[in-house]
Structure formats: C-alpha cells, structure tokens
Amino acid sequence: MNTHVVRAACPHDCPDTCAMLVTVTDGVATAVKGDPDHPNTAGVLCTKVARYLERTYHPERLLHPMKRTGKKGEGKFEQISWEEALNTIATRLKQIAARDPRAILPYSYAGTMGVVQGESMAMRFFHRLGASKLDRTICSSAGGVGIKYTLGAKMGMDTEQYEHSKLILIWGGNPIASNLHFWMRAQEAKRRGAVLVAIDPYRSLTAEKCDHHIPVLPGTDAALALGMMHILIRDDLLDHDYIDNYTLGYALLKERVASWTPEKTAETCGINAEEVELLASLYGETAKRGDPVAIRVNYGVQRAHGGGMAVRNIACLPALVGAWRHAAGGVLLSSGETYPKMDKQLQRPDLMPASDKPTRTINMSTIGDDLLRGASAEFGPAVEALVVYNSNPVAVAPESAKVAQGFAREDLFTVVLEHFQTDTVDYADIVLPATTQLEHTDIHATYGHLYIVANNPAIAPLGESKPNSEIFRLLAVKMGFDDPCFQDTDDDLAAQAFDAKHTHAIHFNWPRLKQDGWMKLNVPDAPFAQGGFPTPSGKCEFYSEQMKQHGLDPLPTYIPPYESAASAPELAQKYPLAMISPPQRNFLNTTFVNVKSLRDTEGEPYLEIHPTDADDRSIADGDMVRIFNDRGSMVAKAHVTANARQGLVVALSIWWKKLASDGKNANELTSQRLTDMGRAPTFYDVLVQIEKA
Ligand code: SF4
C-alpha cells in the first residue's frame, strides 16, 4: 500500500480557510484532517468539512458532461462527450458574440474561494470575449464599502489576537456555525477572564454561550452603534489623545450622536435602555482601564437597507476609545485587503476587445429581474447566455421565484459547471462536471486570518471531471483565443497570485508554499496603533469627504430597514414579523445540503418562532406553517422557542429547494432591493406573516 499525506486548503466560503492534511492510500483519499501546526486551524475542521470525503465520493457526483433532454427545471439530461459539450458551447457563444458579446454573462461567487479555480482563467476568458461584467455583491459588498469609508480598507485585527482581549463584542454573526476558529480564540479569552457579548436578533448557539446577549431588531445595528457613541462621549470614556492624533471629524461626530440617547436607541433597536447603557459602559470602561477591547463584526449586520452604514458606524467605535493601541483591540470584518493580490495579472481586463459599445455590469443580486429584462437603450441587450460556476443562483439569489422564471426562459442558453445536480443545474442546457478541492491545484487568500494557504491535488479527478481553470482553457481554444495567457498552467496562475515584492508577502514563493502548505503575511500586530489608516486622510474617518462626494451622508447615521413597523407601517400591518435566514450549522450556503449525514443532522426546513407570536396564531411546536409575503411563500416546521425574539422568525438556511417538501426555500420571501452602499442584497430586511399550513 502506498500511503502519503497531501497539504490542502479548505475552499469554502468561510473566513477560516483551514489548512488541511489529506491522507491518500493507493490513489484514494482516506482521511481529511485539520493541520495541527497551522496556528489558525489548530488541527480542527468544522463538522461540515470533516465530512469532505463523503462529499467528494458522493454517489451523485456529476462525472460526465451532459445536455438537457427535458424542459428547463425538470433536471433531465443525457451524457455527452467533452468534445460535443465544448463545441456546442463555443458555437452558441460565437453566434451570440457576433451580435453583441454583452448578451453573455458569467455568474459566479465563492463556491470555491481559490484564486485559480475562482476568478483567474475564467475572467481571462470572459474579458477576452467582451462579455458583460458581473457585480459580485451577493455576500459582503455593503459592509466592505462601509468599513472602507471609515478605516480605508478591509483589514483590521489579527484573529489570533482575540484570545488576549478582555471584552469581545460578537456583532452580527454566529461563529460557532460560521467562524469556528475565531470562536476558539474567543473561548480562550473567556477562560482568561474576558467578557463576551453577542449582538444578534437571534439567540444563536453563540449568543447562548456569551455573557450577555443584546437582541436588536434586524437592520438596527447602526442605531445601536450611534447610541454607544453617545454614551462614550457623555461619560467621557474616550481616548482623547488617539482621537486628536488619528481620527478625522470628532467634533461633527459628537454633534451627530447627541440626539442618540439610550432611550431613543433602545426604542429604535427594540431593546431596553439598560442594555444600551450596559453595552457602552462595558466597552468604554474596559478600554479606559487600559485593557484591550475587540469587536468581531460579521456580515449579518449588513444584510439590510442601511447595512453599509451599520458597519461604518461600528468601525468608528475602536478609535473613540483608543482600542487600536493594542494588538488585541480594534475590529475585524474582513482581512481580505491585507493580501497583495494580483487581480489584474490574474484576470487580464486588458484582454477586453475594443468596441464602440460601452461595457456593461450586471448585479448578481438582481439576477431575477435582469434575466427577465428585454433589450433597451438603458439596459443594453437582453441576457442570451449565462455561464454559471461556483454558484447556485436558483437557490441563493433573492426573490427566488423571479430567478427561477428567468432561468426557465427557453431562449436563454445556460451552461453550469458543478459538482452536483443543484437547483441551478436543473435549468442548464449543458452541464460540465467540475473537480472538487481534493482533485485540483489552488492557492487561497482568506477573509478571516492572515495566511496564504496552498492546495495540492490529492487524488486524480473523478470520472471525467475537470478543474474550472482547465474548462475555460479548453473553451478558449474552441473560441479561437490564441493569447499566450490561456496556456498558463494552474501552477503558473498560483505563482502569479500575490505580489512577492510587497512587504506583506515578502516571502511568497509558490514552489516553496506548495511544500510548506501555508505562510503568514508580514503584518504588524497592532496595525493602527499610531494611525496610518489607508483612508484619504490617513486617519480613521468619522467624517468622510469621499462619502459626501458619493452622495452619502458623510457622518455616521441610521438608515432604517425598508421593511419594518417604523419605516413601512402599512406593510407591517399585513406582514408583522421580521424574518432572517442565517446559515444552518451544517450547511455552508447551499454547499453540503446534499451530504446525507449533515442533512440528517439538520432534519428538515424549520422556522423558529417566539412562543407569544406562535400563540397569537394558534401555532404549536411541530406544526407545519406557511410563511408568506407579497413575493412568495414557503412551508416549514414550526420550532416554538424564545431563541427567536418576539416579532422575529428565523429560517435557518440555505436549503436546496428541491430537497424541501414544497420545493421552496427562504429566498422565496427575500427581496431584490439593494443596500445603501455596495449594491448588495437585503436578505435580512424582510417582513412576513405566518399561518398554519
Ligand atoms: S468551512 Fe471554515 S471552519 Fe470549516 S473547514 Fe472550511 S475553513 Fe475550516
């Protein structure tokens, strides 16, 4: 028997980007473990990826190219050869491109976070084609823009430092489910005496284990941050030296937050004034004692109308109290922009053909509406071809009924690269089998720590599956694209991924990284201890001239949800309950829903509802209920629990639609309205009504 261990990386849309060790015996992967030497992974994988072999060797893996034989959405296909598949795609894309290549749209996101199998060769292909661009907004762009206005970039604390913090605000996330290795640090901090506070409408697994839980109404986090700032200033819990030297606009901020009394804040957030006082005093007084205070803000807070502003406001807090002076103080939303990624080199936007037609960008969050749009001067050509990879839009994009209607267009040519027959694959004309992480090369940045992680192929591709990079290489040949960059191998792409001369990645060397498995970026422990923010002023910007120029309020403010009793009272009379749909612990977006052992753990789609709200509707625990609004409906089993605060229902997600009893999931109810900044979806800005099914 020939057994060896291969260094790999978890590819999934998770901030932790674990370093993995894959044991291979005679060409078969037999074990997947977390690398015990990688400081962030510490030998631990989450429950999902611990089952990676079950996913990789799943009997329903797509192993051959297929073409559609039934109606769109029926999911009936027959096997074809790669030659036939590639020729069919190239013929159709050439016909459309001859009229207007902008009628072709790529659709992709973070099905893999890898640089090579993500947006490198694929983007070269679409740039060379002159296709429409995709605005990749579906998850994080609102918060990303918000934090950049305040801090200058998506960067912040090193996750490894949280264990030294004395107070941690876990804001808008459930790290036990979706940021496990941060949670391990937070628990270590707690063992060392730190206080943990969860700020979340939902009493999640994480909130249950924290010292305090502040259950704000969805979409009101910006108001809570304003109320905290009011109290910090009122009680002089400030670091005046830090404010004077490293921030911009304090006097204007002070004026702005003067009206945000604890009472007003509490009323806006649906909590009580004592909770606001407690939170602000814990934060300010811990910092005043000279102890490090930390915030881990996550993407939950930015899935409502004012989501960008909410993150911006929260990001102002550490500078007020001087938290950045400590390595274990500050805030982290994402470490993504710490990496010196070489996007232009990888994606080659210079390949775009010269054209008299303006380039066009379509927002992935409004794909439902945009697939149903005809040609117009304003929109450009109707979308005639979609190439979907690393994404499952029929299940994950908002206002799902419209998305499915768009995908069902008989005149739309749809190609899907996938591992499994997802809800989206059911609408494909051509299906191409893609390799999983164990079968291809990749290199990973992350958005939750500071390591570059390598992924070596552990086993040969199963069946006839191919890496995304190879599929786009082959398609480029069929299209007649002879630019030398289409001959770059996956190793070539990985070697181009980061700027090896950049101070953060001074030792980046792909051949060495492949052997070592991971390397840490060269970043100082307390990056903003003496200012140096990458904003236009070099300071933490309480006042942002850039925001003013972009037509936004230049100061922290509160933008209420689109759908709430305060902002839309008539709608709230009809649909009085707010709904959020955060990740189920054993799923990662829609990945893993078809892994039987994980789905069995989750059972079936359910809705958590407060006992009072359930009583009002004569709903008992275990009843099947219909959740509905003007956009659609879904059926789920009621879990009557105080984990959902009164006025809120929680539909943990994201189920494959076809694996639910009614063929629907929570995105039947979500809207295509966009956030205040970043053009992102408002998944947690939803009002619904519930009745017994
Ligand atoms: S999903 Fe996250 S926690 Fe789980 S193995 Fe992957 S990176 Fe680690």
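In which loop does Asn298 lie?

A: Asn298 lies in the loop that joins strand S12 (293-297) to helix H13 (307-321). Helices (H or I, at least four residues) and strands (E, at least two) are DSSP runs, numbered from the N terminus. The model is predicted, and local features need pLDDT of at least 70, side-chain atom pairs count only at pLDDT 80 or more, while totals for chains, interfaces and linings use all residues. Residues are numbered from 1 along each chain as its sequence is written, and side-chain values use heavy atoms, with hydrogens and water left out.

Asn298 has a relative accessible area of 14%, and it therefore counts as buried. Buried means under 20% relative accessible area, exposed over 50%, and partly exposed in between, with a 1.4 Å probe and protein chains only. Leaving aside neighbours within four places in sequence, Asn298 is in contact with Trp171, Gly172, Gly173, Asn179 and Leu333; contact means heavy atoms within 4.5 Å.

Just after H13, Gly322 takes a positive phi of about 70°.

Most residues other than glycine have a negative phi, and most peptide bonds are trans. Asp26, placed in the loop between strand S2 (19-25) and strand S3 (28-34), has a positive phi near 50° although it is a residue other than glycine. Arg348 also is not a glycine and has a positive phi of about 50°; its loop runs between helix H14 (343-347) and strand S14 (361-363). With a relative accessible area of 24%, Arg348 is partly exposed. The peptide bond from Ser653 to Ile654 is cis, with omega near 0°, and Ile654 is found in the loop between strand S26 (648-650) and strand S27 (687-692).

Trp518 belongs to strand S20 (residues 518-520) and is partly exposed, with a relative accessible area of 23%. Not counting residues up to four places away in sequence, Trp518 touches several residues, including Arg7, Ala19, Asp35, His38, Tyr451 and Leu513. The side chains of Trp518 and Asp35 make a polar contact at 3.0 Å. A polar contact is a pair of N or O atoms within 3.5 Å; within protein, one must be able to donate a hydrogen and the other to accept it, and residues adjacent in sequence count only if both atoms are side-chain atoms. Trp518 and Asn455 are 63 residues apart in sequence and 9.2 Å apart in space, C-alpha to C-alpha.

Finally, the whole chain gives these parts their setting. The chain contains 24 helices and 27 strands. Of its 693 residues, 63% count as buried. Among contacts in the chain with a separation of 6 or more, 76% are between residues 24 or more positions apart. The C-alpha atoms fill a box of roughly 70 × 60 × 60 Å, taken along the principal axes.
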